[in-house]
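Open the structure in your viewer and keep the selection tool at hand. The stops below say what to select next and what is there.

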Amino acid sequence: SLVVLFGATAGAYGAKLGSDERELILLVWQVVDLQNKKVGTLHKSLVKADNLDLSDQCREVSGLTPEGLGKAEPLDRVLQQFSQLVSSDLKVLGRSSYTLCSDGQLLIRQVLHPETSKKNFLLSDCFYSFYDLRKEFHTCYPSSAAVKDQTIKTMAEYLGLGTDEAEEDFGVWQVKTMVAIIFSMLSEGCNHVFTEPETVKHKYETGPCSKSETVDSETVIRARGLPWQSSDQDIARFFKGLNIAKGGVALCLNSQGRRNGEALVRFVNSEQRDLALERHKHHMGSRYIEVYKATGEEFLKIAGGTSNEVAQFLSKENQVIIRMRGLPFTATQEDVLGFLGPECPVTGGKEGLLFVKYPDGRPTGDAFVLFSCEEYAQNALKKHKEILGKRYIELFRSTAAEVQQVVLNRYMSTPLIPTLPTPIIPVIPPPYTIATGSVRDCVRLRGLPYTAGIDDILEFMGDATGDIKPHGVHMVLNQQGRPSGDAFIQMKSADKAFMVAQKCHKKMMKDRYVEVFQCSGEEMNFVLMGGTLNRSGLSPPPCKLPCLSPPAYAAFQTAAVIPAEAAALYQPQALLPSTRTHQASAAAPPTVTYYPAQAAQLYMNYTAYYPSPPVSPTTVGYIAAPPGAVAAAATATHTPILPQPGALVRMQGLPYNTGMKEILSFFQGYQYAPDDYNGLIQLSDQARSVLQAPKEWVCL
């Protein structure tokens, strides 16, 4: 038997069903006896949603009202009634088992499973197996339209079924027509047999991934904006209803081995991946998650492993993995087992422990532990921040992919996920300079669509584009090189800037309104260097922003060298004390700082911080330049920018509310550099105009 099922949500309808996270408001179903070609009673049930605000499309198509839905039963009770009524109809027809049949996969995969997962109640087993009528129809009638283009109406028209949608209630016509289509497929000319139902996995399966494995790029997505404490099971729950490949969740880490709020997820096929992309900006708790396409190469880079030690550790499948952090460097396996205690036994005893070490064999303070069940893992997590020796230990859920990343990252000379170093100054593409001064001849655009480009801004400006200075449009990017939604435009005069601000303020660009403010070159310059501009004036860069994560940069095809004066600020001897003498350093080849080519074309605002998990970086990273560029720089004339070795100091661990006065008070009694940078650094006029920066830059 089949149970023909149709449903609708309070939001989008048709091909976008479930893409807007709106709740289910209608279920219609009917039992079909395939052998005897009989049907049971047709049932229609309204569902009371938590949010009864119906979209215009929903009101128009369904004819339902919030008042009518307010009297309905909630989803859990409706599903109980569904099971009871189906069982009753089966008895009447003399049948005992059934499989669901729906118009496409959206109702089951994109509506019912995600909604019940968020509301924390379980679906019965019948919702984990169903027939997709569109696929079955195309199998029966190969000359019909492609599966993705099929609808109930097009299938009925193909068969010449004379049904009038206007004569029936919404949902009733759909189910009756689906039943008629099924009977046509069962006729003597077709004799279609329903044999291979679609399945939904009950549980995500963990497991290792080999570097030699082939991963189809059409099956991988990148999820961004994840809470740092989220596990692979949390991510699988976010994609509930879709089939993730075994070991297909890989949490991404930054170069310090910390989670960066991103994950790569591999699905069993491209169809499941396409459905996952429809969950872009769906919510995990209070956070919305961005979902983008990714490649198989990126997945293998994160999840693939080649270490025998890791492979042996992960050979026990379906284990719960816990990561321990902050262990004393002298901690032994016995110490860790004693810390965990008898209430959370480790799988295999000592074999269930994996200590992470640096390439020279020194312990990092991290370890991974295997537990055979969720109960033992929960007991272990209760020991979060308990003391071992003289240190408190942090415990987090982990994944097989994270084990491979963390351990392999210690054996490799370069991080698995390279990140750009935090710049001190923006990259200046010569020969153009950023304007300075207090004349308010610039405008700031705030709230731009993230997909907006220079052409969109010029179209938005309209006739005022003729008053923009050459190369006067500056897109502001965040630390990941992505658009921040802000841009600055240099106008030919303050009057022109005023007119633009008056004319374009809150004008629409695509589907968003954009705020336009008049500002000065000094204010623009400050924001481009990391500060903020608001009604109360200029503010230094914020200490906390929503978690943003660095992308995985591919190998750079071409790159741009920072001007010599600016690049010198990035040299290790300018940031960290050097053990060599001044004469030795002068004789050594100069350090060349490299940036991606696209970075040389835009000014960047680096105001993103990484609060997940809280950690302070302990190293300064650099992007290595190709040998040819180093040789070219070595032959160029090099002028030392620091008259005295070690003239700069770098401060770490400052309170977030620290200002210039507190820093100067901290150094009271010591002679520090004067306000004028000219006494410390010899710069060209072009670079000097860039360094009109907050005085906190005296100490890096």
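Buried means under 20% relative accessible area, exposed means over 50%, and partly exposed is in between. Keep in mind that this is a predicted model.

**Stop 1**

Select Lys135. Its relative accessible area is 23%, so Lys135 is partly exposed. Glu198 forms a salt bridge with Lys135, and the closest N and O atoms are 3.1 Å apart. Glu198 sits in strand β7 (residues 198-199) and Lys135 in helix α5 (residues 133-140), so the pair ties together parts 63 residues apart in sequence. Glu198 counts as buried, at 17% relative accessibility.

Glu271 is partly exposed, at 29% relative accessibility.

**Stop 2: the sheet under α9**

Stay with α9 and select residues 270-277. This helix lies across β9, β11 (259-267) and β13, and runs at about 140° to β13. Now show the whole sheet. Five strands form an open sheet, in the order β10-β11-β9-β13-β12, with antiparallel pairing. At the edges are β10 (244-253) and β12 (282-284), each pairing on one side only. From one strand to the next, the twist averages 35°.

Zoom in on β9 (residues 220-224) and β13 (residues 287-293), which pair over four bridges. Which residue of β13 is the bridge partner of Arg224? Select Glu290 to see that partner.

**Stop 3: a loop serine**

Select Ser19, in the loop between β1 (2-9) and β2 (24-33). Ser19 is buried, with a relative accessible area of 19%. Leaving aside residues up to four places away in sequence, Ser19 touches Ala12, Glu278 and His282.

**Stop 4**

Select α16, residues 494-504. Ala497, Val500, Ala501 and Cys504 are buried there. They cover an arc of only 100° around the axis, which puts them on the same side of α16. On the other side, Asp495, Met499, Gln502 and Lys503 are exposed. The cover over the buried residues includes β20 (442-446), α15 (454-461) and β22 (483-491). Just past the helix, Lys506 takes a positive phi of about 65°.

**Stop 5**

Finish with Arg444 and Asp486. They form a salt bridge, with the closest N and O atoms 2.4 Å apart. Arg444 is in β20 and Asp486 in β22, so the pair ties together parts 42 residues apart in sequence. Both residues are buried.

How values were computed. Residues are numbered from 1 along each chain as its sequence is written. This is a predicted model: local features need pLDDT of at least 70, side-chain atom pairs count only at pLDDT 80 or more; totals for chains, interfaces and linings use all residues. Side-chain values use heavy atoms; hydrogens and water are left out. Two strands pair if DSSP finds at least two bridges between them. Helices (H or I, at least four residues) and strands (E, at least two) are DSSP runs, numbered from the N terminus. Axes are lines fitted to C-alpha atoms, for helices over the stretch in contact, and angles run from 0 to 180 degrees between N-to-C directions. Contact means heavy atoms within 4.5 Å. Buried means under 20% relative accessible area, exposed over 50%, partly exposed in between (1.4 Å probe, protein chains only). The arc is that of the directions from the helix axis to the C-beta atoms. A salt bridge is a side-chain nitrogen of Lys or Arg within 4 Å of a carboxyl oxygen of Asp or Glu.
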